[in-house]
Amino acid sequence: MGKGAFRETADIVLASGSPRRKELLGSTGAAFRIVVSRVEEPEPEAWETPGGYALRMARLKTADVAGECAGAWVLGADTVVAVGQAILGKPVDEADARRMLGLLAGREHTVVTGCCLIGPDGRTAWEEAVASRVRFAPLPEAAIAAYAATGESLDKAGGYAIQGLGAFMIAGVEGSYTNVVGLPLVEVVEALRGHGVIVARSA
C-alpha cells in the first residue's frame with residue numbers, strides 16, 4: 001500500500017514526463033502510470049491569454065495520450081510563466097535563461113497551470129487554469145548568471161525552479177505553491193475525488 005491519504009479506484013494515467021508532477025501526484029498515495037505525450041507544442045497565438053494558452057496545451061497533451069489509453073482516466077497539465085500578458089516559455093539556451101531571469105528580477109509575475117482530465121469515455125471530465133503570483137527578489141547580474149550556468153533553467157518555464165536551486169530568488173508566493181511547481185494539487189485532488197477516481201484510504 002502506498003503512502004498518502006488516497007487510493008485509486010480506476011486506472012490513472014499522468015500525461016507528463018515531468019518529475020515534479022510525478023512527485024506531486026504521487027504524494028496523494030494513488031497509483032498511476034505515466035505516458036508522455038508526443039504532440040508538438042505550438043507557439044501561443046498573439047491574442048491568447050496565458051491561461052488560455054496553458055489550457056490549450058493541456059488539452060492537446062491529454063487528448064494525445066487519451067487516444068492511446070482507452071479505458072483510463074488521463075490527467076494532463078501545462079505550466080506557463082507570464083509577465084503581464086507576455087508568455088515566457090522554456091529558455092532555448094543559457095543566454096535566453098539570463099534574459100528571462102533579468103526580466104523577472106525584482107518584480108511580480110504570474111504562473112498559470114492548465115489542467116485537463118479526460119475520462120474512460122474519451123470525454124473531457126474537467127479542465128481548469130489555476131494562477132499563482134510569484135514575487136522575485138532583486139537579483140544582481142552575477143547571481144543571475146551563476147544560476148543560469150547551473151543548467152536548471154533550461155527545461156523550466158520562465159527559466160527557474162521554485163523547488164530547486166532557484167529557491168533563493170523567490171521573495172513570496174500568493175496562491176498555490178504546488179501550482180508553481182507544476183500541478184495545483186488542491187484542484188486536481190478535488191477533481192479526481194469528484195469523479196470517484198480516488199477515494200480516501202479510510203473509505
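**L88**

I began with L88 and found it buried, at a relative accessible area of 6%; buried means under 20%, exposed over 50% and partly exposed in between, with a 1.4 Å probe and protein chains only. This is a predicted model, in which local features need pLDDT of at least 70, side-chain atom pairs count only at pLDDT 80 or more, and totals for chains, interfaces and linings use all residues. Residues are numbered from 1 along each chain as its sequence is written, and side-chain values use heavy atoms, with hydrogens and water left out.

I placed L88 in strand β5; helices (H or I, at least four residues) and strands (E, at least two) are DSSP runs, numbered from the N terminus. What does L88 touch, leaving aside its neighbours within four places in sequence? I noted contacts with V81, V83, M100, L103, L104, A157 and G158, where contact means heavy atoms within 4.5 Å. I also looked up the C-alpha atoms of L88 and T113: they are 13 Å apart, for 25 residues along the chain.

**Helix α2**

Next I turned to α2, which runs over residues 50–66 and has 17 residues. From its first C-alpha to its last it reaches 24 Å, close to the 24 Å expected at 1.5 Å a residue; the expected span is 1.5 Å times one less than the number of residues. I listed its buried residues as P50, G51, Y53, A54, L55, M57, A58, K61, T62, V65 and A66. Which strands do these buried residues pack against? I found β2 (12–14), β4 (73–83), β5 (86–88), β6 (108–118) and β7 (124–136).

**E68**

I then moved to the loop between α2 and β4, where E68 is found. Is E68 buried or partly exposed? E68 counts as partly exposed because its relative accessible area is 41%. Beyond its neighbours within four places in sequence, E68 is in contact with V35 and R38.

**D96**

My last stop was D96, in helix α3 (residues 94–104). D96 counts as buried because its relative accessibility is 13%. Its side chain makes a polar contact with the side chain of R99 at 2.9 Å; a polar contact is a pair of N or O atoms within 3.5 Å, where within protein one must be able to donate a hydrogen and the other to accept it, and residues adjacent in sequence count only if both atoms are side-chain atoms. The D96 side chain also reaches the backbone nitrogen of V92, at 3.1 Å. Leaving aside neighbours within four places in sequence, I noted K90 and P91 in contact with D96.
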